[in-house]
Every structure is written in C-alpha cells, then in structure tokens.
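Here is a short briefing on nonpolar packing and charged pairs. Please look over the sequence and the model before reading on.

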Amino acid sequence: MNEIQALLLGLVQGLTEYLPVSSSGHLEIGKMLLGTDPEAGGLQFDITVHVATVLATLLVLWKEVWWILKGLAKGRWNEETRYVVNIVVSMIPIGIVGVFFKDRIEALYANEHVEAIVVGCCLIVTALLLTLTHFYKPQPREKLSPLHAFLMGVAQAVAVLPGLSRSGSTIATGLLLGNRKEMLAQFSFLMVIPPILGEALLDVKHIVAPSAEYLAEHGAAAAVPTGSLLIGFVAAFVAGCFACKWMVSLVKKCKLIYFGIYCAIVGVLVLILL
C-alpha cells in the first residue's frame, strides 16, 4: 500500500464512519478499486484508521464524554452511571465474537473474491434493515434499557462483517425497539469506542513492529510501510474531526431510508462489477 492509496482510504474511513453506510465496506471497496493487495496490510491498516476515527469521536464529543466521567466521579447511581452500564452491557456480544470468531472474520478480509461477495450482500442487508425502520414504528420509549443496549451490542457484533453498517445496524435495532433516534445516534458512536480501543491496545505491538510469529501467521498482512500507516491515520483523523459533528446531526435529522437506498445501489453494483 503506497502513500496515495493510504491517503484516499483514510479519507474514505473518516467520512463514512459516521454514516449508516458501513465504513468497513467502503474501505474494502476502496481497496478493490485502488488495486491494493487484499493480503497486504488489510487488518493492520483497518485497525489504524479505525483508531483514528475513534480518537476523532472523542475529540468532537468531548463534552458528552466529560459529562459521563463527572457523573461517575460522584460515586453514586445516577443518569451517567446508567449510561456507562448500558455501554458496558453493549460490549458483551462484541467481546464474545472477538474471543471465539476473530480468526474467521480476519480470513474474510484476506480473500478478495469472497470479500466482494460479502460486502455486496451485507450492504443489501443494511439497506433492508434501514428501510424497515421507515415502515415499522413501535411505541416510543424515553430511556434506553440494559436489555436494549445488549441487543444493540448484538447488532454491533454481527456488523463486524464488511458491508454491514455498524452504526446503521445499532441505530436501526434501537429504533425497532422503540428508542428515539436523537438518543441512539450519540450512544451508537460512544458504544464503539471501548471495543476498538481495546482491539488497538491488543494489536499495537503488531502494528508498530510486527514480530516474526505475527508475520508468519498473517503473511503480508502486517507489512504496511510506516509512512502509509501514518498518512492513513492522519487522513482518517482529520476527515473524522470535520465529519463527525455534521454527520451525527445529519443522521439525527435525515430519514434512514435514503441511506438504505444508497446502500442497496452500492451493494448491487459491487456484486455486478467487483
């Protein structure tokens, strides 16, 4: 992966992370269109740019994060503590997937032919899920319950598949359970921070300096030039900072069916052309 490819892919990640259209799916489509080797740096680069957008989220949503931290510091059960409990509960499914199915998921990202089919199909599934929220309107709820947070976590765990939008799946699940979209958009972006940072901490030594064992296990997947990693990180972070606030506001106000139509079109094009 050269510097120009890393720059373009970092921008794609930063701009699509906050929309319910699957940033991982668009990242893989970008790799296919740019002609990058599917076995050259896929996992390593993806983790790097995802960490960049998580840091951008922390920077842009620092008021919300500070509100949570101040509430926890009070040492009593309150609205902030309840919010953190919901986030922790939502992390359980993705933790299970990470422990038991990580190798199988990584294999999908290493096979260009299989991955193109998976991305196309998952984008169409994302489209159907977003469209369903337009037609099904359950009784509205005022607060997000731990059970609903867990079910949103299940949606997040399934959305590790490239093309299945994480934010689209979690927000759509919350809406189908009767929660308000204004509340779900913020929670959806905050609930992804711990899993991605945790994954990055586990793999940081392999990103910075891949060991011989890691190279033997993942092949060329760990051999991304440091310059390309840095450029991708900076591009994703800067694009994420500019996009986050605007995109969160857009997701809150815009009807999700429009994103569903977009995902359906892109998914069909991927299956036909790639």
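Leaving aside neighbours within four places in sequence, which residues is Leu144 in contact with? They are Asn86, Ala149, Met152, Asn179, Met183, Leu184 and Phe187. The model is predicted.

**Nonpolar cores**
- The largest nonpolar core has 44 residues.
- Tyr18, Leu144, Phe187, Leu190 and Phe259 have the most contacts inside this core.
- Helix α10 (residues 181–191) supplies the largest share of the core, with 7 residues.
- Another core, of 10 residues, lies apart from it; Met1, Phe45, Ala52 and Leu229 are among its members.

**The salt-bridge network**
- The structure holds 4 salt bridges.
- Glu28, Lys31 and Asp46 are linked in a network of them.
- Lys31 and Glu28 meet through their side chains at 3.3 Å, N to O.
- These two residues are 3 apart in helix α2 (residues 23–34), so about one helical turn separates them.
- Lys31 also bridges to Asp46, with the closest N and O atoms 2.8 Å apart.
- That pair links distant parts of the chain: Lys31 sits in helix α2 and Asp46 in helix α3 (residues 42–60), 15 residues apart.
- Lys31 is buried at 8% relative accessible area, Glu28 is buried at 3%, and Asp46 is buried at 8%.

**A bridge from loop to helix**
- Lys143 forms a salt bridge with Glu79, the closest N and O atoms being 3.7 Å apart.
- Lys143 lies in the loop between α7 (112–135) and α8 (146–158) and Glu79 in helix α5 (residues 79–100), so the bridge ties together parts 64 residues apart in sequence.
- Lys143 is partly exposed at 48% relative accessibility, and Glu79 is partly exposed at 37%.

Key. Residues numbered from 1 in each chain as written. Predicted model: local features only at pLDDT ≥ 70, side-chain atom pairs only at ≥ 80, totals over all residues. Heavy atoms only, no water. Core = buried A, V, L, I, M, F, W, Y, C linked by side-chain atoms within 4.5 Å. Buried < 20%, exposed > 50% of the residue type's maximum accessible area, 1.4 Å probe, protein only. Helix = DSSP H or I, 4+ residues; strand = E, 2+ residues; numbered from the N terminus. Contact = heavy atoms within 4.5 Å.
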